[in-house]
Amino acid sequence: MSTLNQPIAAGFTPGERDYIRRELDMFFSTYPTVAEGFMVKTWRGGVDAGKPKLSPVAKGLIDRGLMRLDTGSRAPRLFFTIEGLAELRAMMTDRRFADPKKFQHIRQELGIDPVPES
């Protein structure tokens, strides 16, 4: 019965966890990093041309203060805030939310797992 009393990791919703896992998974044989942030598409035409095209999940993360939008660089990117990094660390330490083998590169970046010596 003690397993029922364990706190569920983080304030991320299931949709947010899915979005984060997709963004941090291998992409064309390249491992993304948390430090690089998440790329955000921009509107190509219309009244919003050039503005970031945010998904509802990304808007929710920004509204809750877990991520911030940086439009200063050429392409807009989403970065985790201090609170967001704490929630990401909690998510990555819980096997139910992130496979330790699949996201080993993120766990190493966050200092959860040791980085192997070269």
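This note goes through the predicted model point by point, from the overall fold to single residues.

1. Basis of the model. The structure is a predicted model, in which local features need pLDDT of at least 70 and side-chain atom pairs count only at pLDDT 80 or more, whereas totals for chains, interfaces and linings use all residues. Residues are numbered from 1 along each chain as its sequence is written, and side-chain values use heavy atoms, with hydrogens and water left out.

2. Overall fold. The protein chain holds four helices and three strands, where helices (H or I, at least four residues) and strands (E, at least two) are DSSP runs numbered from the N terminus. Along the sequence these elements follow the pattern α-β-α-β-β-α-α. Taken along the principal axes, the C-alpha atoms fill a box of roughly 55 × 40 × 25 Å.

3. Of the 118 residues of the protein chain, 31% count as buried; buried means under 20% relative accessible area, exposed over 50%, and partly exposed in between, with a 1.4 Å probe and protein chains only. Among the contacts with a separation of 6 or more, 50% come from residues 24 or more positions apart, a contact being heavy atoms within 4.5 Å.

4. Helix α1. The buried residues of α1 are E16, R17, Y19, I20 and L24. Seen down the axis of α1, these residues fall within an arc of 160°, so they line one face of the helix; the arc is that of the directions from the helix axis to the C-beta atoms. On the other side of α1, P14 and R22 are exposed. The cover over the buried residues of α1 includes β1, α2 (56-63), β3, α3 and α4.

5. Helix α3. Residues 82-93 form helix α3, whose 12 residues reach 17 Å from the first C-alpha to the last, close to the 16 Å expected at 1.5 Å a residue; the expected span is 1.5 Å times one less than the number of residues in the helix. Its buried residues are G84, L88, M91 and M92, and, seen down the axis of α3, they fall within an arc of 90°, so they line one face of the helix. An α-helix has 3.6 residues a turn, so residues three or four places apart point the same way. What covers the buried residues of α3 includes α1, β3 and α4 (104-109).

6. The largest pocket. The volume of the largest pocket is about 660 Å³. On a 1 Å grid over the protein atoms alone, a pocket is an open set of points where a 1.4 Å probe fits, with protein on both sides within 12 Å along at least five of seven lines, and lining residues have an atom within 4 Å of a point; grid points are joined across faces, edges and corners, and a volume is the space filled by probe spheres set on the points. Of the 25 residues that line this pocket, the closest to its centre are E23, F27, F38, M39 and V40. The elements that give two or more residues to the lining are α1 (14-24), β1 (38-39) and β3 (77-80), and α1 gives the most, with three residues.

7. The lining of the largest pocket divides into 13 nonpolar, four polar and eight charged residues, with Ala, Val, Leu, Ile, Met, Phe, Trp, Tyr, Cys and Pro counted as nonpolar, Asp, Glu, Lys and Arg as charged, and the others, Gly among them, as polar.

8. Most residues other than glycine have a negative phi. In the loop between α1 and β1, F28 has a positive phi of about 50° although it is not a glycine, and F28 counts as exposed at 70% relative accessibility. S29, found in the loop between α1 and β1, has a positive phi near 60° and is exposed, with a relative accessible area of 66%.

9. Q108 lies in helix α4 and, at 18% relative accessibility, counts as buried. Leaving aside residues up to four places away in sequence, Q108 touches D113, P114, V115 and P116. P116 itself is placed in the segment after α4 and counts as exposed at 55% relative accessibility. From C-alpha to C-alpha, P116 and Y31 are 16 Å apart in space and 85 residues apart in sequence.

10. K102 is in the loop between α3 and α4 and, at 41% relative accessibility, counts as partly exposed. The C-alpha atoms of K102 and L61 are separated by 23 Å, with the two residues 41 residues apart along the chain.
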